Amino acid sequence: MGCFQSSLTNAPLSSSKRPAPAAAVNGTGSSASGDAVGNGGVPNFSEFSYSDLKAATNNFSSEFIKSGSGEKAPNVVYRGRLQKERWIAVKKFSKMAWPDPKQFAEEAKGVGRLRHKRLANLIGYCCDGDERLLVAEYMPNDTLAKHLFHWENQTLEWAMRLRVALYIAEALDYCSSEGRPLYHDLNTYRVLFDENGDPRLSCFGLMKNSRDGKSYSTNLAYTPPEYLRNGRVTPESVIFSFGTVLLDLLSGKHIPPSHALDMIQGQNILLLKDSHLEGNFSTDEATSVFNLASQCLQYEPRDRPNTKDLVGKLAPLQNKTDVPSYDMMGISKHEDAPATPQHPLSPMGDACARLDLTAIHQILVMTHYKDDEGTNELSFQEWTQQMRDILDARKRGDLAFRDKDFRSAIDCYSQFIDVGTMVSPTVFARRSLCHLFSDQPDAALRDAMQAQCVYPDWSTAFYLQSVALSKLNMQKDAADMLNEAAQLEEKRQRSGKGS
């Protein structure tokens, strides 16, 4: 198997069960039935077997956890993949959270009747012995919390923040109109981004974490005052929580509402604005949003606006309405994503399929140089001072790579590679990922191809080529490369060499 040649080098590329009825209402008010239809179709609400969900999440592997608190959370959210079907999100409740299976099923079916383009819709549930699980559409582009507080390449621009506020208001208004006005613990972790970069409200917040559990798990400073008094969540409590999300969108920080209100009343609005926006926002629009947040955070529930008011006040503020969310988010367009692989994917393959550079980085750091064994046969004479110098360059590159200083890592790895005395597929792979983080997909593809030349049957080299090709909008080639990498992994595992 030779090095991959793409069109860049002018050479051809080689080679559920028991459906339950649901009133499926989409964002335009028309009905939807049957399985997924078109790009945005949502399956009918169904009951899943525990064995199906166990298989979909690789036995509820920690590598599939999407919850911010990981396995420490009482109720853990996993991503999973149904056999030959779509990606899903699975919320696994703690033992005995819902002791009555009938009550859990009724609650789940109530939420499962909702269907809207602004929701990450609930598509099923599982009651098996003491196990209680919810199954929802999977949103691949992280949470609002990640994009506001822990972003890596770019902060959310102002127009996108306004879009997030409107879309979530529309989701809440839809739920309210369908008789489900209560939303538990609304916060930035409940706002998810779909394959096209559009924000959606997680359906999981439409059910409590347990039959008798708390409706709010966040810090008490962010909890509606009436909930602290009587422990009950009301439609007005949801509006208060929406106000805290507005503050997060405005400031880029998680500011306690009381502190923010003091600043608003003191006319210190500009101090609340996110400095990462660098002034790229309309002061009039920001003032309107601040005023709306202030209304939402009123102490008396009756003084707060309703969901229709939220939509009415946010809709006129929208701009860049002709710009798709994926452009403003800086992510790949959904239609251009690699096709579903024909072979099962390892964590590395899955991360590459999702173009999740952070996950790829974590895997390469953990793998270290174990895949380099046997790629270098050095004589005693080669262990010169020069060899020690280039190994030192590699070590400095490794430290920079670990610390995500990708420019320094590129420089150090280039020193190691340019000498040429010692070849390492891992160094090429690591420099390839550094180029991807630096928005240099051409250079990333070249390095991934070099890694393949050094180690022809190394699936990691093929996976990285797939990511680079996708970034270069060569989606068919990317899909082919992803499948070839999966085949290599499968073949290697069958031969007993591991992954």
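Biologist: What percentage of the 499 residues of the chain count as buried?

Modeller: This is a predicted model, in which local features need pLDDT of at least 70 and side-chain atom pairs count only at pLDDT 80 or more, whereas totals for chains, interfaces and linings use all residues. Residues are numbered from 1 along each chain as its sequence is written, and side-chain values use heavy atoms, leaving out hydrogens and water. Buried means under 20% relative accessible area, exposed over 50% and partly exposed in between (1.4 Å probe, protein chains only). Of the 499 residues, the buried share is 53%.

Biologist: Is S294 buried or exposed?

Modeller: S294 is found in helix α9, residues 283-296; helices are DSSP runs of H or I with at least four residues, numbered from the N terminus. Because its relative accessibility is 17%, S294 counts as buried.

Biologist: Are helices α4 and α10 roughly parallel or roughly antiparallel?

Modeller: The axes of α4 (residues 158-177) and α10 (residues 307-314) come within 8 Å and cross at roughly 150 degrees. Such axes are lines fitted to C-alpha atoms over the stretch in contact, with angles from 0 to 180 degrees between N-to-C directions. Angles under 35 degrees count as roughly parallel, over 145 as roughly antiparallel, 65 to 115 as roughly perpendicular and the rest as oblique. The crossing angle therefore makes α4 and α10 roughly antiparallel.

Biologist: Which residues of α10 make the contact with α4?

Modeller: Contact means heavy atoms within 4.5 Å. The α4 side contributes A165, L166, A169, E170, L172, D173 and S176. The α10 side contributes T307, K308, L310, V311 and L314.

Technical notes:
Helix = DSSP H or I, 4+ residues; strand = E, 2+ residues; numbered from the N terminus.
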